[in-house]
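Trainee: I would like to learn how to read a structure like this one. Please show it to me and go through its features in turn.

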Amino acid sequence: MLIAARNLTKFFELRGGLTGKGAVQAVSDVDVEVREGEIVGVVGESGSGKSTLGRLLLGLIAPTSGEVLFDIPEELLQKYDEARSANDKKTMEEIASKYSITRKSGRELRALRRRMNMMFQDPYSSLNPRWRVEDIIMEPMVSTGYLTGNEARKRVRELLEEVGLPREFAYRYPHELSGGQRQRVALARSISTLPSFLVLDEPTSALDVSAQAQILQLLKRIRERFRIGLLLITHNIAVVSYMSDRIYVMYAGKVVEGGPKTSIISKPQHPYTVALISAVPGNSRGPRVILRGEPPNLVDPPKGCHFHPRCPMVMDNCGWTAKEVAEELEFLLRGRYYGMLKEGSKVVPQGELEILVEGAKAEEVRKVIEEEKEEVKSLRSIYEVREGNGGALVKLMRYDIPGMYRTDEGREVSCLIYRKT
Amino acid sequence: METQKTEYEADRFREIKTSLSVFFSNKGAVVGLVIVLVYVVDALLVQFFPQALGLKHPYTLVSNYVNPVPQPPSASYPFGTTFPGVDLFTSILKAVRVDLGYSLFVVLLGAFIGTVLGVISAFAGGIVDEFVMRITDIFFSIPYLVLALAIGFVLGRTLDNMALALAIVWWPIYARYARGQALSIKEMTFVEAARASGSGGGKIMFRHILPNVLPPIFVQISLDLGTVVLVFSVLAFIGFIPNANVPELGYLASLGLNYVATAPWTVLFPGAAITLFALAVNLVGDGLRDVLDPRRRS
Amino acid sequence: MEYALSVKDLRVSFYTRRGVFKALNGVNLELRRGEVLGVAGESGSGKSTTGLAIMGLLPRNAKVSSGSVLFDGRDLLAPLTSIRKFSTGRNESAIRKLHRELAPIRGKRISMVFQEPMTSLNPVLQVGYQIAETLVIHNPSLLASRKLARVRATREDTTALLKVIKENEGSETAVREFVESRHLKGLEEQALFIWRRNDINELRKERLILDLCCEKVGSTTKRLLESLEGGMGITKAPVLSRLLRRVLFKEGYRKAVEFLSTLGVPNPEKVVQMYPHELSGGMRQRIVIAIALINNPDVVIMDEPTSAVDVTVQAQILELVKDLKRRVNSSFIFISHDLSVLGEVSDRIAIMYGGRVVEVGPKEIVLKAPRHPYTTMLINAIPTLDGREIRGIEGEAPDMRNPPPGCIFNNRCPFAMDKCRKEEPPSYKVSEDHYVACFLQGGK
């Protein structure tokens, strides 16, 4: 296996403000794999943690926890996974200490840079404006000691031709190039040491379609020629669908679905993937699913499945908490059931799983819930309403946290619908 | 390949031409540049070819105790004379060299220390950053003139020591400025790309960040040259630097102070020489800023 | 056919130090009433400049060398086209004049939605205030009559109104007739809005409609509102104008809440009190759309309204635009670099390249059977979900400071002939409504 991430987690600590400290849970508990010469797409919306994941895999930022196992033999990876499910910390530690790039020292990591690199989204800020193209492309070779001096210079000319630019571009400065040409230079830089793993972070989203098509074709050719494993991070599902062999779909810091491209695009399983694919403009397969709301704030993500507040297929145990349900209940009681809540009374969440509807009768509240359950999905999590101290006491079901469930042909889905009981 | 290369050199030449045309479209900057050039030429001549200006004693003031009372401007003394019988015109010619030299020394030394510390503190972050910035805070909390006086007093009140003292109070401005610039450049993706390419901290700091920090620092340097001349003359004027016979603009102005009511030119001409330089340097700085600001280029 | 707006042979260049940038080279576009016209193109094609030119929002180094933007029988860009030789000073004063002339039109009859909602909203003002502001500037009499209607109406009026609404099941014409017979203009939209809400029950709706009456205002305020309703502008008298504005802004907030709710904004009462940074990207874009649409403009220009938002939010916004197209009387120009987005919302699509419209026609024809080589190649360059092979367009976009002679696409066109390098192709009509600027279509 070229690279495999296990339980990879990154929380960015917030510096204390007025509201106290917290952490942005950018990536939580993610497993991904890239094989030699494979193109793996990572799709997700902004804030889904896909860019952070790319940087974690390259060791550009240190994870909060979890391992990135680089160039690990299949059988050892299998052994690691077995040890993980058996909770055998010792074996895991043994393997990780040898293969995980998170355990490597600064110098070891720098030596690894020859074998992995990254290409960035913004063609304008990813090239130093005061360097010539030649120096830009040479940088990885010189820094890692791959090639130096005239040999490196010669190689720059070859690389320029490889990415479809004339040799004379070596003497130019970035501002003299168009966006597409800059991205070619960036690509030449990232493949200059013939790495075996490359992370592409939105390589074409700043480009026009005509330039995008050229870069994508070029990337495919480069992959064929040098057998580089590519991790393609993008928000554009069509691009992923054109490029990748396998796809991971990320939402709010978690991988919600992963598997071979063709089967995911034609038969998405996770409700988020379904909505995401149906939201692609011009897509005519199946009815369009319009999601309500927007991705959550990752300082305090929803409990249970992160997607549950927007999920059209949400169930009773997907992660509803008293706060969410109380809000919707109060909205109903003040609007559609106006009159049921007395002046000055409130709907108060008590703890994570109990709500007190002040001054209301259990019977009435039960009726509201029965009537609205179909439309207001959060109410489904209520399993009991009884008379409480000063009103009706509403009790919620305890939620489950979805794991990764294998479905078919190498596919994994993180959704309770697919949990086998 | 070589012909191609020269073609792109030509491209680059066009680029420089646009820069120049931006600079020259700012009339104030052109006037400033002309004045600054006059000062620089004067300083160089005094330093290397004093004969060309007809100066016999280029590095000292020549007094005339026979007739020490200031004389008004006349054909033989275009700017008049000051106490004790010193010809103002030739003295100002000599003084420009001294002031320009010290000002350059102060600003360049201050800028060098400040920029290096600023870039390091931005790049290292954490405790280093905190430490450097708190030191600059201390410097900022005391008026720089007072601080320079104090340091000068400790080092000994000579012209050279005073220049050193000013350089010591001058670097924090550059440290702050360079740090701010470096912090914004550190966020650019090419820095991350360099790290992904295996470049070490030193290379990133000095090959990637520093070259991008420098241009705005140059503008600041050009603006500060004038300010330092001003500060330097103020110190000499108030008599802090006992510099018998060294031609220095502030000292020159202070010589005629007792006669200012009857002989205003004794203060006016050296003062004007200082002000004109400070003004001209500021105008040039503005022009440079235009050149560097891509928004003003179009 | 009468057009909502038409752009005729528009040529705009920008004077820069590095030369004259020819942004638009003879743009012809007609916007029909009630349609959504999609304008597609890559960066530098002039699609955004076209939008800005229609709004008269050109920078001071822009010169309009020929052409016109005809709206409502007049040329909006007349002050600019009258300048023959370019000079910054002359141009600046012409643009000032243009701004003065267009002020009553912008935001009221033609309005614009920009790509980045964060920069087009003022960060220090509540979003409700910003919506109310466009109303107070362009339509203060509407606000005055809304307020006055509630002042004049008696409990008996609203009781009768409720009865009319119930009997006619919320029919708009019946309510309007009733309101006019009682001289309570301005009440109908408020009542109907309450009636159409579905987040509250009948009981509460009835209570709210009945409460649309018997409001008290000071006699001075009332006089001011009445003169405003009678067609006078907002008074300039110092204290009085403050007083009046306060009342109008409060009413503007009310109307903003109603309008936002029709745009599908949940909990609009809370949203109007928020500041832009408290809202998510999609919500901000809805606010910008609300500001553009609240005065019921004839033409709305949307410049890449979905490019800064996520796919799922983009789907929401596109759904909203489709819904608006059905509901309001405005005509839309929808500018985007994404042809598939345009395919979702447009009736007709215009493809721009190098400052010209190279192909324009009904959506289905342009997307499925394009006739201009550039359109064909552009469509072939877009990756789709089925993973079909894509092809980039060789070469780079032309340098618009020094565009090639003849057809602007000739250096990248695989079919380029000698003629293409010498003459500019005119727009040929290839079928009903379908025009292509290419010599390949000319023989027929």
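Mentor: Start with a loop. Glu202(A) sits in the loop between strand S6 (197–201) and helix H8 (209–226) of chain A. Helices (H or I, at least four residues) and strands (E, at least two) are DSSP runs, numbered from the N terminus. This is a predicted model: local features need pLDDT of at least 70, side-chain atom pairs count only at pLDDT 80 or more, and totals for chains, interfaces and linings use all residues. Residues are numbered from 1 along each chain as its sequence is written, while chains are lettered from A and ligands numbered from 1 in the order in which they are written.

Trainee: What is the phi of Glu202(A)?

Mentor: Most residues other than glycine have a negative phi. Glu202(A) has a positive one, near 45°, and is not a glycine. Asp72(C) is another non-glycine residue with a positive phi, of about 55°. Asp72(C) is found in the loop between strand S4 (62–71) and strand S5 (74–75) of chain C.

Trainee: Is Glu202(A) buried or exposed?

Mentor: The test is a count: a residue is buried if 20 or more other C-beta atoms lie within 10 Å of its own, exposed if 12 or fewer, and partly exposed in between, with C-beta atoms placed from the backbone. Glu202(A) counts as buried because 20 other C-beta atoms lie within 10 Å. Asp72(C) has 12 other C-beta atoms within 10 Å, so Asp72(C) is exposed. His183(C), in the loop between helix H8 (172–181) and helix H9 (187–196) of chain C, is exposed because it has 12 other C-beta atoms within 10 Å.

Trainee: How do I read a pair of packed helices?

Mentor: Look at the angle and the distance between axes. Axes are lines fitted to C-alpha atoms, for helices over the stretch in contact, and angles run from 0 to 180 degrees between N-to-C directions. In chain A, helix H5 (residues 133–143) and helix H6 (residues 149–162) pack at about 120°, their axes 9 Å apart.

Trainee: Which residues of H5(A) and H6(A) meet?

Mentor: Two residues are in contact if their C-beta atoms, placed from the backbone, lie within 7 Å. From H5(A) come Glu134(A), Ile137(A), Met138(A), Met141(A) and Val142(A), which meet Ala152(A), Arg153(A), Arg155(A), Val156(A) and Leu159(A) of H6(A). The residues of this contact divide into 7 nonpolar, no polar and 3 charged. Here Ala, Val, Leu, Ile, Met, Phe, Trp, Tyr, Cys and Pro count as nonpolar, Asp, Glu, Lys and Arg as charged, and the others, Gly among them, as polar.

Trainee: How many residues of chain C are in contact with chain A?

Mentor: 36 residues of chain C are in contact with 35 residues of chain A. H15(C) gives the most to the side of chain C that touches chain A, with 8 residues. That side divides into 14 nonpolar, 13 polar and 9 charged residues. The buried residues of H15(C), including Ile317(C), Leu318(C) and Val321(C), pack against helix H11 (271–278) of chain A together with helix H14 (281–293) and helix H16 (339–345) of chain C.

Trainee: Where are the domains of chain C?

Mentor: Domain bounds come from an automatic or database domain assignment. For chain C, the assignment gives domain 1 (1–122 + 298–444) and domain 2 (127–270). Their centres, taken over C-alpha atoms, are separated by 39 Å. Between these domains, 5 residues of domain 1 are in contact with 7 residues of domain 2.
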